[in-house]
Every structure is written in C-alpha cells, then in structure tokens.
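Hi everyone, thanks for coming.

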Amino acid sequence: SQVANILRKHDVTYIRTQLFKPRTRPESFQGLGVEGLQVLAKLRETYSVEELKFVAEVCSEEQLAAIADDVQVIQIGARNMQNFELLKVIGKYLKKQDFVLLKRGFANTLEEWLASAEYLQRFGVPKNKIVLCERGSRTLTSPTGVHLDFIAALVAKQSGYQVIIDPSHGTKKREFVLPLATAAIAMDFDGVMIECHPEPAKSVSDAAQAISLEEAEQFLLARHSSN
Ligand code: PEP
Ligand code: MN
C-alpha cells in the first residue's frame, strides 16, 4: 500500500502485483500465488478499478483462470514470450482487462517478438490491446550483462504497437534504472515499468535493481514538472 499511495499521489494508475513469479532458482521466492488475491482485495477497499489497475504475470492457463477476473493487465513475461500454448489462450480470458503486456524474451529477435504478438491477435486479442515491453537482451559486451535495446523498441513502435520500457530488468543495477527510464520517456515511449521497494536491499525479488520509494517519487515529480 505504500507503493500504491505514491503512485496515486502522482496520478499513476498501473501497479505491478506479480502474484506468480517465474524464478531462475527453485529456492527463490516464487510469489504469493493465489493467496496474493487477498492483498489485491485489501487494496480494492481503498482504490477503485479506475484509480488503480493491477498488472499480473501469468505463466500458465491455470494461473490465468485463477486471477483473470481480478487484474486489469495480463503480463506475459520474458520467459514465456514463446510459450505458444499460453499465447493462444489469452484471448479466451480477455474480458474487462485493459491490455496484455508482452515482454520481449531476453534472447529473442524483434521478428520473434512481433510474431508472438501476432499469435495473440490470431487467437482473439485485438492489436490495440497489446502493449509490448522491452526489457533487455542477454549480451557478452555490456558491463551489466544485459543490453536494453531501444532500437528494437522503436521499430516495434513503428509497427503500430504501444511500447513500454523496463529499465529494471533492462539494467539489473539500481543506479542505472532512472537514467534509462528518463531516456525512455524522452524518446516518447508509452511508459516505463520500474521495480521499487521501501527497503530496496531487502526486496525478496531482484533486490539489486530495486530503487527506493523516495527515488521513485523523485522520478514521478520530475515528470510532472517537465510536462
Ligand atoms: C518481471 O517483470 O518481474 C519479470 C519477471 O520480468 P521478465 O519477464 O522481463 O524477466
Ligand atoms: Mn523482477
């Protein structure tokens, strides 16, 4: 609720909820699962659907069925960008949601990313309900091991999609998150997705790239004053 308060104060509507988290290691925190729906219900006591929209990743049809009615954005994560059977069932569950967020896989070409977006469309998701998210590709040449590919994101935008940037996974280091978020806004992308935490170093997920709530708020304030 601390994050929700800050977002609402600055007129941001979408909040990451991530009930199901695909993690590289089996012992890592896997998300709250369906029990997290209670947390969402609690937030709903304070914020209406118009005020705060929940973004949640799903990795299977079972997860999708469990939460589809309670979230406003269905996220397909980088690891599932080519989970074609999952892509094929999203349309069936899409009802009141605002859009489907399709992240680019970290070793996928632009063509493969757009082909996955076409899967969504062929199976019932209208193009204007697809938002693409660039989150960086694995590379040997970047000092952070990940290369945030603004050019691919620009070409995706030229193809008629809305595109947002995830500078958290895109850099993996908190000191680079806001500079690249600022660049993404200056480049006129449709948004950014940022991981923040009241005590970033203690985050149970991706602590190295989480920024503090104060930094998140400073970024949101700077956006207001430049608009
Ligand atoms: C996430 O958004 O937290 C996430 C797991 O990202 P990605 O799928 O890009 O790794
Ligand atoms: Mn993450």
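Let's start just after α6, where Gly160 takes a positive phi of about 95°. Helices here are DSSP runs of H or I with at least four residues, strands are runs of E with at least two, and both are numbered from the N terminus.

A word on the source: this is a predicted model, where local features need pLDDT of at least 70, side-chain atom pairs count only at pLDDT 80 or more, and totals for chains, interfaces and linings use all residues. Residues are numbered from 1 along each chain as its sequence is written, chains are lettered from A and ligands numbered from 1 in the order in which they are written, and side-chain values use heavy atoms, leaving out hydrogens and water.

Now, which residues of α6 are buried? In this helix, residues 150-158, they are Phe150, Ala152, Ala153 and Ala156. Buried means under 20% relative accessible area, exposed over 50%, and partly exposed in between, with a 1.4 Å probe and protein chains only. Seen down the axis, they fall within an arc of 160°, so they line one face of α6; the arc is taken from the directions from the helix axis to the C-beta atoms. The face turned away from that buried side carries exposed Ile151 and Gln158.

And what do the buried residues pack against? They pack against α5 (110-122), β5 (130-134), β8 (162-165) and α8 (174-186), with contact meaning heavy atoms within 4.5 Å.

His169 and Glu195 are both buried.
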